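User: I am new to this structure and would like to learn how to read its features. Please take them one at a time.

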Amino acid sequence: MLLYCLKRFIGMIPVFFGVTLLSFVIIQLAPGKPTDRLTELNPRITPEARARLEQYYGLDKPIIVQYGRWLSRIVRFDFGVSFSSDARPVIDKIWDRSVPFFDRRLTITFLINTLSLFLILAVAIPIGVLAAYRPYSLTDRITSVAVFIGFAAPKFWVALLLMMVFSVQLGWLPISGIKSLNYAMLTEPGQFFDRIRHLVLPVFVSACGGIAGMSRYMRSSMREALSHDYITTARAKGLSETAVLYRHALRNALLPLVTLLGLSVPGFFAGSVIFETIFGIPGMGQLSYQAIMMRDYPVIMGLLCITALLTMIGNLLADICYAYIDPRIRVK
Amino acid sequence: MFSNIARYVLLFLCIAVIAGKRAESKTHHDPVYGDALVVGTIGEPSVLIPMLATDSASHDVAGLIFSGLIKYDTDLSIIGDLASSWDISPDGLTITFHLRKDAFWEDGTPCTAHDVLYGFKTITDPSTPTAYAEEFKQVLRAEAVDDYTFRVTYRERYAPALTSWGNMAVLPRHVFEGTLLQTSPLVRKPMGNGPFRFKEWIPGDRLVLGASPSYFLGRPYLDAYICRFIPDPATLFLELRSGTIDFMALTPLQYARQTATDFFQKNFNKYTYPSFSYTYLAFNFLHPWFQDKRVRQAIAHAIDKKEIVEGVLLGLGEIATGPYVPHTWPYNPDVPQYTFDQQRAAALLDAAGWHQIDTDGVRIKDGARFEFTILTNMGNSLRMNTATIIQWRLAQIGIKVKIRVIEWSTLINEFIDKKRFEALLLGWSIGVDPDQYDIWHSSKVRNKELNFISYNNPEVDRLLEAGRRTFDIDERKRIYGTFQSILAEDVPYIFLYVPYALPIVHRRFHNIHPSPIGITYNLYRWYVPRDMQRYRLSP
């Protein structure tokens with residue numbers, strides 16, 4: 001088992017550098033340069049000034065030299081300095097040690113995605129099981145329709161509707177941001193409650209599509225498990241229906257879900273770009289949107305590295321879990 | 001003298017407007033301290049040092065923290081800010097600024113001529129990544145004569161010189177000396193000399209400024225200026241609707257329709273003033289069809305600008321006739337106008353050789369159908385709608401127009417810089433000084449320069465050169481007046497409209513006086529009557 005983990009871990013290293021090389025090249029293929037925001041359509045800039053700026057950012061070198069420089073920094077865990085005019089180190093933008101732990105971009109995005117993952121599992125598994133247990137029943141049909149509506153409705157639209165209802169009309173929840181203007185003056189439980197209130201809508205919206213997809217997978221996986229001979233055997237033994245369903249069918253049906261979860265990590269981060277922009281949440285998604293718009297190469301690369309790393313760790317964890325819960329894999 | 005009178009007339013008008021507005025409010029209040037203004041914006045500042053900032057979000061906030069030598073008065077004339085007065089030498093080459101002695105940095109250090117000199121040295125230092133160095137490179141010599149006298153000498157007469165001494169080149173020397181400006185942590189938590197002081201910045205969420213008790217024009221009445229960053233326009237508007245932000249810029253649709261409800265009328269005041277920008281349709285002079293003036297004039301006659309202002313801006317803008325904002329001093333209203341006249345347009349096209357008509361109604365000349373593409377940038381629905389109206393109108397006179405909407409960077413790098421376009425629908429933000437040498441002078445056609453349409457008119461070149469060497473305002477008015485007449489006759493651009501800026505502010509804020517430079521110029525005088533105050537700052 002340990003050997004397996006080690007092998008997998010070593011295998012990740014070339015993949016990681018492959019990802020960075022490809023990303024680096026693809027980013028540079030997009031038209032425009034980081035210096036554009038200073039220079040383009042600006043009457044006060046001369047060609048000499050432009051050349052000077054490009055030299056300042058090292059953009060005058062061939063792309064392979066630029067990648068080499070980036071690589072030599074990254075192996076020393078230095079993500080470089082942002083090209084935007086604030087010129088902050090990339091790592092400070094993602095993981096700002098001068099602010100409280102829960103205000104750092106990585107924490108915020110990670111927290112929302114983890115919460116939404118739990119919400120997805122907590123809702124999707126029961127729905128899927130219920131639907132699979134009585135396929136084509138009224139419950140199955142109702143949940144199917146509801147789930148498909150949830151899947152089809154654009155996230156930004158759902159988000160705006162929820163804001164209209166819960167924030168503007170009812171005034172129960174804040175519309176955007178992660179904490180209120182008077183946050184500093186609240187008591188500690190008050191601050192905690194304030195954060196929770198700000199998280200409700202974003203977590204729900206980001207889970208919305210996931211619930212739909214995951215419950216469908218759960219349904220089909222559960223149906224497949226229920227059709228096996230060992231279920232018939234279990235029932236023939238006289239086991240209670242609960243035991244059949246939860247001990248024999250559900251355990252087997254959960255296997256494919258583990259793989260699916262590992263694979264959906266990058267999807268979560270991609271989704272963050274949308275809901276963090278709508279809800280004005282200072283997380284990694286919002287940062288990557290800004291960085292891409294400004295062609296801020298070091299920040300984009302830093303974010304891609306972290307996302308790639310998290311995705312690979314997600315996959316590795318999924319595989320380890322898989323090996324752990326499925327004896328057939330462990331034996332091989 | 002003239003400008004002084006104009007200032008009073010304008011002031012009077014403002015008072016009249018306000019008086020009319022306030023007629024219904026019963027009580028009159030004396031200004032009191034307290035409360036905060038919560039501003040909602042889509043863009044987040046990146047840096048709070050004016051010379052490093054490139055985006056309007058950064059400048060809006062930095063402008064509250066840093067005061068420069070001069071600023072614009074409400075009538076667009078230049079008045080002193082840190083400088084109480086200045087003298088221009090008879091040859092027009094040397095400006096001597098006399099600084100006021102009651103200006104201090106946040107830590108109590110006096111703000112002196114050495115700070116201006118330090119700012120000047122930093123901005124002209126090649127290692128400073130700034131977009132604003134060029135104007136300061138015209139300076140031959142800069143010196144701090146004494147603590148409160150600053151003198152600059154220019155290589156040659158340069159009329160826009162005075163306007164460049166805003167807050168771009170003033171830095172606290174005692175804080176920055178010996179450090180590298182662009183890597184200093186102070187660029188994101190600066191120490192300034194203006195009406196507000198930096199307090200807190202949560203990236204992606206909000207930025208908080210507090211009133212400066214030592215501001216030389218008096219402590220602002222408001223305790224704080226809070227800027228919230230909400231990247232999504234729809235979310236931003238919902239925040240306004242739920243009363244959690246006090247101040248934002250509206251779109252024409254929001255102004256005319258979405259805020260026309262009882263709720264907004266009861267709780268907010270809306271203002272309009274022409275923005276310093278215009279939207280235009282530009283022709284590529286390297287394209288043979290558009291080299292013919294009759295073709296450009298025909299298209300001008302075929303476009304109904306009034307209909308565009310009504311339809312796209314919902315009436316919240318003015319028709320543009322040249323590259324200046326109506327009612328400002330360089331603006332010349334007496335230029336050749338192109339009334340909407342399809343017959344005249346058709347006649348001009350016939351005369352230009354486009355008299356054959358294809359089976360689908362498109363004009364033909366030498367076997368080529370009159371089809372061209374208008375390029376515009378993504379994300380600006382006003383421009384897309386304008387392009388669509390133009391497309392429809394030109395189809396009526398036998399010109400087939402295609403519209404391509406392209407992402408900004410791609411548009412600039414792949415199409416404009418390489419001069420690969422037929423027509424462009426874009427806008428310019430303009431300065432208060434009328435110098436537009438960079439956009440129209442025939443020498444400015446190299447790669448990345450701004451005369452990307454390759455316009456070339458020797459008379460225009462001569463006027464532009466004369467205009468930037470002349471200080472006398474009446475003389476400049478004459479020069480730029482002629483310049484506008486020539487542009488109107490030549491039609492290198494079809495000047496379409498000047499949109500209005502449409503700010504909305506919560507009603508509890510008093511002392512707001514709209515002017516041609518907007519409403520925030522006297523933010524430090526805004527106040528909220530005691531019984532209406534909403535926010536209390538933490539002790």
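**Strands, core and rings**

Analyst: Strand β8 (residues 196-202) of chain B and strand β9 (residues 206-211) of chain B run antiparallel and are joined by six bridges. Two strands pair if DSSP finds at least two bridges between them; helices (H or I, at least four residues) and strands (E, at least two) are DSSP runs, numbered from the N terminus. This is a predicted model, in which local features need pLDDT of at least 70 and side-chain atom pairs count only at pLDDT 80 or more, while totals for chains, interfaces and linings use all residues. Residues are numbered from 1 along each chain as its sequence is written, chains are lettered from A and ligands numbered from 1 in the order in which they are written, and side-chain values use heavy atoms, with hydrogens and water left out.

User: Which residue stands opposite Arg206(B)?

Analyst: Ile202(B) does, with Arg206(B) lying in β9(B). Three residues separate the strands of this hairpin, and Gly204(B) has a positive phi near 80° there.

User: Why is β8(B) described as largely enclosed?

Analyst: Buried means under 20% relative accessible area, exposed over 50%, and partly exposed in between (1.4 Å probe, protein chains only). Five of the seven residues of β8(B) are buried, so the rest of the structure largely encloses this strand.

User: What order do the strands of the open three-stranded sheet have?

Analyst: In a regular strand the side chains alternate between the two faces of the sheet. Here the order is β16-β17-β18 in chain B, with antiparallel pairing. β16 (356-357) and β18 (368-369) are the edge strands, each pairing on one side only. Two bridges connect β17 (residues 363-365) with β18(B), and Ile364(B) is placed opposite Arg369(B).

User: Which residues touch the most other members of the largest nonpolar core?

Analyst: A nonpolar core is a set of buried Ala, Val, Leu, Ile, Met, Phe, Trp, Tyr and Cys residues joined through side-chain atoms within 4.5 Å. The largest one has 71 residues, and Leu69(B), Phe97(B), Phe150(B), Trp165(B) and Trp526(B) touch the most other members. Helix α3 (residues 113-124) of chain B gives the most to this core, with six residues. Another core, of 37 residues, lies apart from it and includes Trp440(B) and Phe452(B).

User: Is helix α3(B) mostly covered or mostly open?

Analyst: Mostly covered: nine of the 12 residues of α3(B) are buried, among them Val116(B), Leu117(B) and Phe120(B). The elements covering them include β5 (94-99), β6 (139-146) and β7 (149-154) of chain B.

User: How many aromatic pairs does the structure hold, over all chains?

Analyst: A pair of aromatic rings is described by the distance of the centres and the angle of the planes. Rings of Phe, Tyr and Trp (its six-membered ring) pair if their centres lie within 6.5 Å; planes under 30 degrees apart count as stacked, over 60 as edge-to-face and the rest as tilted. Over all chains there are 50 such pairs. Phe150(B) and Trp165(B) are edge-to-face, at 5.3 Å centre to centre and 65° between the planes. Phe150(B) is in strand β7 and Trp165(B) in the loop between β7 and α5 of chain B, 15 residues apart. Both residues are buried.

User: Where is a charge placed over a ring in chain A?

Analyst: A charge sits over a ring if NZ of Lys or CZ of Arg is within 6 Å of the ring centre and within 35 degrees of the ring normal. Arg104(A) lies over the face of Trp95(A), 4.7 Å from the ring centre. In chain B, the charged end of Arg468(B) is over the ring of Tyr437(B), at 4.2 Å from its centre.

Terms used: Contact = heavy atoms within 4.5 Å.
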